[in-house]
Amino acid sequence: MLSVKENHPVEFSTELLNKFAEVASRYPEGKQKSALLPVLHLVQAEYGWLSTDAMDKVAQFLHIEPIEVYEVATFYTMYFLRPQGKYNLEICRTGPCCLVGAERIMQHIENTLGIKEGEVTSDGLFSWRGVECLAACGYGPVLQIGPDYTFYENLTEQSVAQLIETLKNKAQTEA
């Protein structure tokens, strides 16, 4: 839920503002609101999520009301309204995946990472959530990892444990 109490002040860089301007220039004068989705993607790519302050500044840039930005950001599940881990595991939770073990996989992730759905690990590496259909019903259970949306199929508790270890090791080598 969007909460003004969870506000984090942001200042958009000149480079980011230039990207906004380039995106907005694709649309006719007076139709800047059409740039809202791609501009929100740019903000999320830069900050990892959309704070209230960031959304307010997007509204200001596009000459629209803040509520118009909130409506879009809260409607689409691809936008995060609170901080996420570096690796955001999204597990399909619809019927076909649940029939082949998605709920067991989500419980395993919760136990392994020590966080509930929507939380972030203390090291900032992981968050997870159940999502609607990932369009791989014949290969379930499945998950994708943002921000690159790498896709993993036919998950088992062992393959998920190995994936988490691989991501931890990757993060250590990048540090």
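I start with cysteine 137, which is partly exposed, with a relative accessible area of 43%. On the scale used here, buried means under 20% relative accessible area, exposed means over 50%, and partly exposed is in between, with a 1.4 Å probe and protein chains only. Accessible areas come from the Shrake-Rupley method with that 1.4 Å probe, and for residues only the protein chains shown count as cover.

Before going on, some housekeeping. This is a predicted model, in which local features need pLDDT of at least 70 and side-chain atom pairs count only at pLDDT 80 or more, while totals for chains, interfaces and linings use all residues. Residues are numbered from 1 along each chain as its sequence is written, and side-chain values use heavy atoms, with hydrogens and water left out.

Back to the cysteine. Cysteine 137 sits in the loop between strand 2 and strand 3. Strands are DSSP runs of E with at least two residues, helices are runs of H or I with at least four, and both are numbered from the N terminus. Cysteine 133 is found in the loop between strand 2 (126-131) and strand 3 (143-146). Cysteine 133 is partly exposed, at a relative accessible area of 46%. Leaving aside residues up to four places away in sequence, cysteine 133 touches Cys92 and Thr94, where contact means heavy atoms within 4.5 Å.

Is strand 2 enclosed or open? Of its 6 residues, 6 are buried, so strand 2 is largely enclosed by the rest of the structure. Phe126, Trp128 and Gly130 are on one side, with Ser127, Arg129 and Val131 on the other.

Two strands count as paired if DSSP finds at least two bridges between them. Strand 1 (residues 87-92) runs parallel to strand 2, joined by 6 bridges. One of the partners is phenylalanine 126, bridged to tyrosine 87. Strand 1 also pairs with strand 3, in the antiparallel sense, over 4 bridges; there asparagine 88 stands opposite glycine 146.

Strand 3 pairs with strand 4 (residues 150-152) as well, antiparallel, over 3 bridges. Leucine 143 faces tyrosine 152 across that pairing. The two strands form a hairpin with 3 residues between them, and tyrosine 149 in the turn has a positive phi of about 55 degrees. In strand 3, Leu143 and Ile145 point one way, Gln144 and Gly146 the other, and all are buried.

Some totals to finish. Of the 175 residues, 41% are buried. The C-alpha atoms fill a box of roughly 50 × 35 × 30 Å along the principal axes. The accessible surface comes to about 9900 Å², and 53% of it belongs to carbon and sulfur atoms. Among contacts with a separation of 6 or more, 63% join residues 24 or more positions apart.
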